[in-house]
Amino acid sequence: MKNKKTNSGDATTVLTIKRNKWHLLGKQKALIWMSLPFVLYVILFRYVPLTGWVMAFQNYKTKFPLFKQEWVGFKWFRELFVTYELDGTIARDEFGKIIWNTEFLLSLRNTVCMSFISTALGYITAIILAVFINEVRHIGIKRFVQTVSYLPHFLSWIIVTSLVANVLSVEDGVLNNILLSLHVIKQPIHWLAVPKYFYNIVGWTYVWKEVGWNTIVYLGAMTAIDPCLYEAAQIDGCGRLRKIWHITLPGIKPTIIIMMIMSAGHILDANFEMPYLLKNGIIQDVATQIDIYVLKWGFTMSNFSLATAAGIFKNVVNIGLLLLANGIAKRAGEERLI
């Protein structure tokens, strides 16, 4: 009898909770109607286009409807890495070694390198700038630095790329003129024609454009730190550096970890515009990244299946890295997204 009463009581509790949820939703009708257009926007422009992913599993031809194509399984995913003969066998050289798809592998390498350099430099400089701004006591100077550092974020990448090209110009570039006047170099350097400089050019340009904007999150996290901690440290005789090391940085540690986890999900999302606009025949091997590869094979070569497979590969890897970074943070007992 007791078990029956307990079960009926649990059922009543669950039913009450469900009723309370529907009652709460009924009270939020205005908010639900306000959010409906945004939900429809996400579904229409983010999820519906995903039906086009089926092209990666087809030998897609534009003259046939999407779901009446020849299905080829994972053929195009394999061709991202390995070259195939016309008869469907793996291509090999005269020594019997597999011929790899060097074009895609180079674009993958370039994407990872550019993204890693930009992310690493962006994080370090954003945290350092946020700490410096937080330490400034003069409100006017603080606002001036914040405004100046934010402004480049609102420039389009086309404008930024034009500025970079002018600054690095061989004939009248500002950088060459400065280095020549300081006798650091004897003749102008063609910066955009030397492959070893390209990754750093992309990375530092990203820092200049986004460092101010990236500090907003860290400055917001610093405002949540209890001022009493700084007062206690002052009484104990701590200087500014010790306060930063023992109070400020530990205080924003959860934010740093969350931002690092989020950046792991964009490791293959290297900036498209700048490499595409600065790319030339001399530095093509280091400037081509996955998005440029997709653009080439999708629109120039009209191989939509291969281009779609490359895009899916990029997104799957990004999601995998995001989950991996989140799992590592979870095991380490740190803040996490999921």
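Are F104 and Y293 buried or exposed? Select the two and look: both are buried. Keep in mind that this is a predicted model.

Stay with F104 and Y293, whose rings form an edge-to-face pair, 5.3 Å centre to centre with 65° between the planes. F104 belongs to helix α4 and Y293 to helix α14 (residues 290–300), so distant parts of the chain, 189 residues apart, are linked here.

Next, select F57 and F74. Their ring centres are 5.5 Å apart and the planes meet at 85°, so this pair is edge-to-face too. F57 is partly exposed, at 26% relative accessible area, while F74 is exposed, at 54%. Close to the end of this stop, pick K75, which lies over the face of W76 at 4.5 Å from the ring centre.

Select T119, Y206, N214, S263 and H266, the closest to its centre among 24 lining residues.

Finally, go to the second largest pocket, about 370 Å³ in volume. Of its 15 lining residues, W53, H266, N315, N318 and I319 lie nearest the centre. Show α2 (29–47) and α15 (304–331) too: these elements each give two or more residues to the lining.

Methods: Residues numbered from 1 in each chain as written. Predicted model: local features only at pLDDT ≥ 70, side-chain atom pairs only at ≥ 80, totals over all residues. Heavy atoms only, no water. 1 Å grid on protein atoms, 1.4 Å probe; cavity = no way out; pocket = protein on both sides within 12 Å on 5 of 7 lines; lining within 4 Å. Points joined across faces, edges and corners; volume = space filled by probe spheres on them. Helix = DSSP H or I, 4+ residues; strand = E, 2+ residues; numbered from the N terminus. Phe/Tyr/Trp six-rings, centres within 6.5 Å; stacked < 30°, edge-to-face > 60°. Buried < 20%, exposed > 50% of the residue type's maximum accessible area, 1.4 Å probe, protein only. Lys NZ or Arg CZ within 6 Å of the ring centre and 35° of its normal.
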